[in-house]
Amino acid sequence: MTSPLLELNGVTKRFGRVVIAEQLSFSVGAGDTVGIVGPNGAGKTSLFGIISGDLSPDAGGISFAGRPITKLDAAARCRLGIGRTYQVPRPFTDMTVFENVLVAAQQGAGLRRKASYTAAAQALERTGMAGEPNVPAERLGLLQRKRLELARALASEPKLLLLDEVAGGLTDPEVAQLVEIVRDINADGTAVIWIEHVVRALTAVVGRLICLAGGSFVGDGDPATVLANPAVREVFLGTAVTASLSGGTLTEDASADAERSLP
């Protein structure tokens with residue numbers, strides 16, 4: 001039996017009385033696509049921090065590619081193949097697009113010379129940013145910043161890509177473009193865990209959906225089943241959202257409240 005790419009065992013994290021994760025255990029295989037949804041303050045981004053090494057769990061263990069990584073810092077985990085984006089893009093605004101991605105290739109993946117330039121160029125090509133390498137990052141619009149954020153993560157050559165709200169704030173056509181990019185990334189063998197509140201984007205890509213609330217998993221399974229779960233609808237979707245399967249494609253009727261940005 002093939003070992004999971006990522007495995008969390010009994011992970012617990014609290015900030016004072018606020019429970020971020022309570023004995024969470026789950027695994028993700030190589031090439032898997034997993035979506036994570038949940039209400040405001042559910043701990044979704046904090047869970048990414050625990051996986052990527054930005055936060056240390058209070059208890060439990062994490063393994064990646066068959067080795068324990070609980071005590072490794074974020075830089076070491078990135079070198080092993082865990083890449084991530086942030087909900088609010090974090091480019092170096094005084095650098096160009098290419099320089100931003102080159103830093104990720106060199107510092108994130110540890111590449112040097114020609115290899116780092118090749119990785120940076122490929123990341124820009126895959127995210128539709130190849131035509132803007134010399135544009136200062138400070139001049140980019142929201143879609144371009146999100147693409148740059150994704151390109152920087154890809155330049156670190158991840159085996160597992162953590163996407164945090166990359167579709168938030170975008171128009172429908174822009175969301176569709178990002179969905180295609182994420183599909184292509186996964187098709188090349190990169191596992192994806194995607195936190196997103198634009199549900200249609202998630203269900204267009206992921207084969208598994210997890211709902212996190214109160215530090216625990218309320219639902220975990222195929223997207224249609226999870227979205228139809230009354231407990232999930234109560235804590236996250238609410239009565240404003242209906243989900244149905246039509247020709248294998250999940251559709252939704254969501255209010256503005258259901259499309260709000262999540263932390």
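1. Arg-113 lies in helix α4, which spans residues 113–126. In this predicted model, Arg-113 has a positive phi of about 50°, although it is not a glycine. Most residues other than glycine have a negative phi. Is Arg-113 buried or exposed? Arg-113 is exposed, because its relative accessible area is 70% and the cut-off for exposed is over 50%.

2. Ala-65 is another point to check on the backbone. Ala-65 is not a glycine, yet its phi is positive, at about 55°. The residue is found in the loop between β4 and β5. With a relative accessible area of 51%, Ala-65 counts as exposed. The cut-off is over 50%, so read that label together with the value of 51%.

3. β4 covers residues 59–64 and pairs with β5 in the antiparallel sense, over two bridges. Which residue of β5 is the bridge partner of Phe-64? The partner is Arg-67.

4. Now the sheet around this pair. Four strands form an open sheet in the order β2-β1-β4-β5, and the pairing is antiparallel. β2 (18–28) and β5 (67–68) are the edge strands, each pairing on one side only. Strands of a sheet pair through backbone hydrogen bonds.

5. Helix α1, residues 44–52, lies across β1 (6–15), β2 and β4. The helix runs at about 125° to β1. How many of the nine residues of α1 are buried? Eight are, and the helix is mostly covered. The buried set is Lys-44, Ser-46, Leu-47, Phe-48, Gly-49, Ile-50, Ile-51 and Ser-52. Note that a lysine, Lys-44, is in that set. Gly-53 follows α1 and has a positive phi, near 100°.

6. Strand β3, residues 33–37, is also mostly covered: five of its five residues are buried. Thr-33, Gly-35 and Val-37 point one way from the strand. Val-34 and Ile-36 point the other way. Residues pointing in both directions are buried.

7. β3 has parallel partners. One is β8 (residues 191–195), paired over four bridges. Another is β9 (residues 208–213), also paired in the parallel sense over four bridges. Val-34 has a bridge partner in each: Ile-193 in β8 and Arg-208 in β9.

8. Thr-85 deserves a look. The residue lies in the loop between β6 (82–84) and α3 (97–108). Why does Thr-85 count as buried? Its relative accessibility is 0%, and buried means under 20%. Leaving out residues up to four places away in sequence, Thr-85 touches Glu-149, Leu-150, Ala-153, Leu-162, Leu-163, Asp-164 and Val-166. With Asp-164 there is a polar approach as well: a polar atom of the Thr-85 side chain lies 3.1 Å from the backbone nitrogen of Asp-164.

9. Last, confidence. The mean pLDDT of the protein chain is 88, and 89% of its residues reach 70 or more. Where pLDDT is low, the predicted coordinates should not be read in detail.

Note on methods
Residues numbered from 1 in each chain as written. Predicted model: local features only at pLDDT ≥ 70, side-chain atom pairs only at ≥ 80, totals over all residues. Heavy atoms only, no water. Pairing = 2+ DSSP bridges. Contact = heavy atoms within 4.5 Å. Axes fitted to C-alpha atoms, helices over the stretch in contact; angles between N-to-C directions. Buried < 20%, exposed > 50% of the residue type's maximum accessible area, 1.4 Å probe, protein only. Polar contact = N/O pair within 3.5 Å; in protein donor to acceptor, adjacent residues only side chain to side chain. pLDDT = per-residue confidence, 0-100.
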